[in-house]
Amino acid sequence: RISDPDFKDYLFDVEKFTVNISCIYGRLFLNEEFLNSERTDNRNPNRPVQYKVGMAQEDKSGFRPGIVYTIWDGDQELRGLTFVDYDSQGAQFRGTKYIKYGNGCQFEPQCSDGATLMSRDTDFGFFATRWYGTVYPLEGSTIGPDGTAHSCGICPDVVGNRFISIQGTFADINKALELVTYLPDPHFNTRFGTKEFITFSVNDGGALGNDRASSPSLSQTRIIEVVVDSVNDRPLVGRRVELQRPIKYWNGGKRADKMVDDYAVLAIDKTLDPACMLYPPAGLDYQMNCNTSVREFIDVDEDTLFFITPQVMWIADVDAHEAEEMPVLRRYCCDEAGEDACVCGRVCRCGSSICKCAPPEVCEGGAGELLISIKVQNGLLSLNPPPGRNAFPVEQLTFLRNLTAKALDRG
């Protein structure tokens, strides 16, 4: 909420304020219930006309109250509350009826498959990379564990903004800010060395009632650090397949979107089994419809070797990737040390004495490591590369021998 000591001045209630809100690794949403409410035309105070559009508007008419979204330059992302696009004939369309709202998706758990929180989206799909950045689910894609979604997440890529600039009266601005919602990017948290901030800035436009002409514009900025806690996501056993996906620039059509080849992790299921079993293994139909890029089962002929490639089985874990991205000097919690915590590899002092907290196992290395068990009933397994491939780095794997009847993952 914003406040101003001049709010009792004459005509203050019709002066326009400008508020900018931005974040770095997420999307922002305003009070959509208010923005979707009806607004009144003040040109005829005796017989006001109710407009069948929301308080949010694309024009800057002085007669109608409401919130106006400002586009400052060509680098501003044009989606969500500032959605702009072009049709097939090259005509630009934007404005009130084209605004994209979250419609409550911003309040739902997303991209979470942990032990304490489950979201209703898919775990599979495309993931963020250094080449192409963050991945959001496409508008209209199916969600759910058995869906064909582009990636995890409930809110599609077309809603939410990293930067929002709004203009309106003192009262309307505060109504729009009553429910500012921050939705972090998929699988993002601030526990592996990256900080997140939400920046608020407000400019009163020289609002001083009837003396605006001689009043300078005054502004104030507040930066709020956001702590996005991490959750333990389950590792995925699927197939890594190279597919095409769109890269969108959200610049109103000035730069055409493009399709790129990227790797997606897809689920393993048995949907192709009945059809593929009808084709001869050496036939053309089998090669076309059941090759390694599309089949979702392991098919091996008698007395032959079968190489399990990433298209057949792939293990993914976003937490393991985060562990590799962590700074070298990790911190760990210690009640005695308070908010300062302790740092791996350094003596942790509590006042004049050494803290009694024992360093956790994460300080001993092994960041990003997974415990994997593989077994077959009628055959033998080996970790030899297929012909033409180099052997895996042995020093990066530790082979465990189970000397008891107890499973490795249970101690």
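This is a predicted model: local features need pLDDT of at least 70, side-chain atom pairs count only at pLDDT 80 or more; totals for chains, interfaces and linings use all residues.
A cavity, as I use the word here, is a set of grid points where a 1.4 Å probe fits but cannot get out.

**Entry: cavities.** I searched the whole structure and found 2 cavities of 30 Å³ or more. I picked the second largest cavity, which holds about 30 Å³ of space. Which residues line it? I noted Leu28, Phe29, Leu30, Glu32, Leu81, Lys100, Tyr101, Gly102 and Gly160 around the second largest cavity. Sorted by class, that lining has 5 nonpolar, 2 polar and 2 charged residues.

**Entry: backbone angles.** Next I turned to phi. Most residues other than glycine have a negative phi, so I looked up two residues that go the other way. Asn103 is not a glycine, yet its phi is positive, about 55 degrees. I placed Asn103 in the loop between β8 (92-94) and β9 (125-126). Is Asn103 buried or exposed? Asn103 counts as exposed because its relative accessible area is 65%, and the cut-off for exposed is over 50%.

His187 also has a positive phi, about 60 degrees, without being a glycine. I found His187 in the loop between β11 (181-184) and β12 (196-203). With a relative accessibility of 23%, His187 is partly exposed.

**Entry: a surface patch.** Last, I looked at the outside. Val237, Ile268, Ile315, Leu370, Ile372, Ile374, Val376 and Leu381 make up a nonpolar surface patch. Together they have about 660 Å² of accessible area. I followed up on one of them, Leu370, and found it in the segment after β20 (353-354). Leu370 is partly exposed, at 40% relative accessible area.

Terms used. Residues are numbered from 1 along each chain as its sequence is written. Side-chain values use heavy atoms; hydrogens and water are left out. Patches are made of residues with over 30% relative accessible area and no salt bridge: like charges are joined within 9 Å, nonpolar side chains (Val, Leu, Ile, Met, Phe, Trp, Tyr) within 5 Å. Accessible areas come from the Shrake-Rupley method with a 1.4 Å probe; for residues, only the protein chains shown count as cover. A salt bridge is a side-chain nitrogen of Lys or Arg within 4 Å of a carboxyl oxygen of Asp or Glu. Helices (H or I, at least four residues) and strands (E, at least two) are DSSP runs, numbered from the N terminus. Buried means under 20% relative accessible area, exposed over 50%, partly exposed in between (1.4 Å probe, protein chains only). On a 1 Å grid over the protein atoms alone, a cavity is a set of points where a 1.4 Å probe fits but cannot get out, and a pocket is an open set with protein on both sides within 12 Å along at least five of seven lines; lining residues have an atom within 4 Å of a point. Grid points are joined across faces, edges and corners, and a volume is the space filled by probe spheres set on the points. Ala, Val, Leu, Ile, Met, Phe, Trp, Tyr, Cys and Pro count as nonpolar, Asp, Glu, Lys and Arg as charged, and the others, Gly among them, as polar.
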